[in-house]
Amino acid sequence: MIKSIAILISNLNKTNIISQAKYTTSVLPQFSSEKYAVKRKNFGILKSADVEYFKSVLSEDRVLTDESDVLPFNIDWIKNCRGQSKIVLKPKTTDEVSQILSYCNKNRLAVCPQGGNTGLVGGSVPVFDEIVINLVHMNKIISLDDISGALVCEAGCILENLDNYVRDHNLIMPLDLGAKGSCHIGGNISTNAGGLRLLRYGNLHGSVLGIEAVKADGTVVDCLRTLKKDNTGYHLKHLFIGSEGTLGVVTKVAIHCPALPKAVSLGFFGVENFENLLKLYKSAKSSLGEILSAFEMADNKSISLTVENCKLSNPIGDYPFYVLIETHGSDETHDSEKLNRFLSQEMESGLILDGTVTSEPAKIKNIWHIRESIAGAGLINGYVFKYDVSLPLRNYYDLVLTLRTRVGDRARVYGYGHVGDGNIHINVSASKYSKELYAILEPFIYEEVAKVGGSISAEHGVGFRKPQFIHYSKDKTALQLMRDLKQSMDPNGILNPYKVLPDVPDIEKD
Ligand SMILES: Cc1cc2nc3c(=O)[nH]c(=O)nc-3n(C[C@H](O)[C@H](O)[C@H](O)COP(=O)(O)OP(=O)(O)OC[C@H]3O[C@@H](n4cnc5c(N)ncnc54)[C@H](O)[C@@H]3O)c2cc1C
């Protein structure tokens, strides 16, 4: 039984509105295994001798077994998934991770690697009694080369801490996301996180220079190089980028940090309709060119709900669509002139109805705060079904409209996202989870995405929530190669089971 009535969630973003949330026994989410009717696989069951072994490898305070201590590690950020782990291990070194995995592999004990637990597809929490390996204590910065921009650090470093650190050396992290105050760089890499700067700095397959990871059997794979170019054989680091803890535990990371932009400007604009928003994107690419670093959109419902629920203020009026454009450059006068010229030009053309442009850090932060709060704002109303899909830009917003008609007055449907990456987040916010609404939404959404050649997961991954839908985006041959890789790297399947790969349907078994 849960001991305390209210348990503070310790691992939420301090700047995020639901960081105030507390669990009470009455609002605990249902177990994932029951909610989604999953059968436990044939793994070993944790015994007291196992706990004693883990205590001998780690210090006692880094082995959590008290139910109330373990609870927050069993529940995901959106409180949709809940596992039943009995133990959380917090290694401090790669060697400790290696010893833990080697032992678990021999004893067929399943594990769930965990970073900041901000993942949105249930990948970061156990489904049954998997052992949680949380990397929070692997948080050392190892080196920074301020000439090449190569940062080497442990996987448990919090993204925002790394960004603050490299800023002191006139660099920035190549990625930024709303969960930066809690998510770990190891988690970012394991999910191939995209975020707000991808348009400018590319994805992690480009920025990550090297990785150290531990395989299921405890072998430490050392690909921790800091070179930009290294064509010596298979590019193994890429196996760990986006594999969501199913192929290995990432323990160290080398990542390229771009130069800190000397000038940052931000524009927040109101737009009449989605067609105009696309025209504005095209125009921004040509008018702003190399300084364009973010082009984000949110529909009216996203902003009005966020402003209302999070008690924020909208710096411009009420518009059908909003666009947020950030520029990163080296000359403040030149860049803000460019952005202001773009604003005047497009106000005259009618693509922008109203807007504000700022280079003041405090104002920039406030505007970004509105955008970053959208992800959590709907949770205040109860429950949010979250979808994160890639779509051809011409079809980008159609699915929101289709879903509004399909869902009717059962829930609020709103869309926001990274237009520059063709990635929209569609949230369906209801007072509570309901099976009826779930059946209305899934697999319908994935079918619609597949029809136009989109991806059912743009940046959040597949995790626990989407393996059964992965075939909408992955061909059978690709899925088989994924299975072969999994079999070769984790033959006992102990690493994050029930995630990413769907079970082989009975008819396909020999
Ligand atoms: C407010 C908010 C905004 C967000 N915005 C974005 C966004 O813009 N773009 C985006 O891509 N995502 C976004 N996310 C999703 C999430 O933050 C990212 O997926 C993030 O990269 C997860 O990092 P984490 O450390 O929290 O990982 P976790 O949630 O702990 O884990 C995620 C997955 O990675 C695995 N994992 C974690 N660490 C390791 C490791 N060291 N080795 C092996 N496997 C590991 C876990 O098993 C799990 O499968 C957002 C989430 C929130 C709450």
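Some ground rules come with a predicted model: local features need pLDDT of at least 70, side-chain atom pairs count only at pLDDT 80 or more, and totals for chains, interfaces and linings use all residues. Residues are numbered from 1 along each chain as its sequence is written, and side-chain values use heavy atoms, with hydrogens and water left out.

Let's start inside. In soluble globular proteins, nonpolar side chains tend to be buried together. A nonpolar core here is a set of buried Ala, Val, Leu, Ile, Met, Phe, Trp, Tyr and Cys residues joined through side-chain atoms within 4.5 Å. Buried means under 20% relative accessible area, exposed means over 50%, and partly exposed is in between (1.4 Å probe, protein chains only). The largest core has 111 residues, and F54, I185 and I325 have the most contacts inside it. Its largest share, seven residues, comes from helix α10, residues 274–288. Helices (H or I, at least four residues) and strands (E, at least two) are DSSP runs, numbered from the N terminus. Apart from this core lies another, of 26 residues, with L196, A294, I367 and L379 among them.

Zoom in on F54. With neighbours within four places in sequence left aside, F54 is in contact (heavy atoms within 4.5 Å) with L46, V63, I87, L89, I100, Y103, C104, L109 and I131. Back on helix α10 you'll find S283, which counts as buried because its relative accessibility is 12%. Not counting residues up to four places away in sequence, S283 touches L288, F342, Q345 and E346.

Now for the ligand. Which residues are closest to the ligand? They are P113, G115, T118, G119 and H184, out of 37 that surround it (a heavy atom within 4 Å). Polar contacts are pairs of N or O atoms within 3.5 Å; within protein, one must be able to donate a hydrogen and the other to accept it, and residues adjacent in sequence count only if both atoms are side-chain atoms. G123 brings a backbone N or O atom to 3.3 Å from a ligand oxygen. N188 uses an N or O atom of its side chain, 2.9 Å from an oxygen atom of the ligand. E459 places a polar side-chain atom 2.9 Å from a ligand nitrogen. Taken alone the ligand exposes 960 Å², and the protein buries 97% of that (Shrake-Rupley method, 1.4 Å probe; for residues, only the protein chains shown count as cover).

On to the charged pairs. A salt bridge is a side-chain nitrogen of Lys or Arg within 4 Å of a carboxyl oxygen of Asp or Glu, and by this rule the count comes to 20. In one of them, E96 pairs with R62, the closest N and O atoms being 2.8 Å apart. This pair links distant parts of the chain, 34 residues apart: E96 sits in helix α4 (residues 94–106), R62 in the loop between α2 (48–57) and β3 (63–64). E96 is buried at 11% relative accessibility, and R62 is buried at 6%.

Another bridge joins R404 to D299, with 3.0 Å between the closest N and O atoms. Here the partners are 105 residues apart, R404 in helix α14 (residues 398–407) and D299 in strand β13 (residues 292–299). R404 counts as partly exposed at 24% relative accessibility, whereas D299 is buried at 1%. Elsewhere, salt bridges that share partners join D163, R167, D176, K180, R197 and E372 into one network.

Is I172 buried or exposed? I172 counts as buried because its relative accessibility is 1%. Residues that I172 touches, beyond four places in sequence, include D163, R167, R197, C257 and H328.

Finally, the backbone. Most residues other than glycine have a negative phi, and most peptide bonds are trans. The peptide bond from E442 to P443 is cis, with omega near 10°, and P443 lies in the loop between α15 (435–441) and α16 (444–451). A37 has a positive phi near 45° and counts as exposed at 70% relative accessibility. N496, with a positive phi of about 45°, is buried at 2% and sits in the segment after α17 (476–489).
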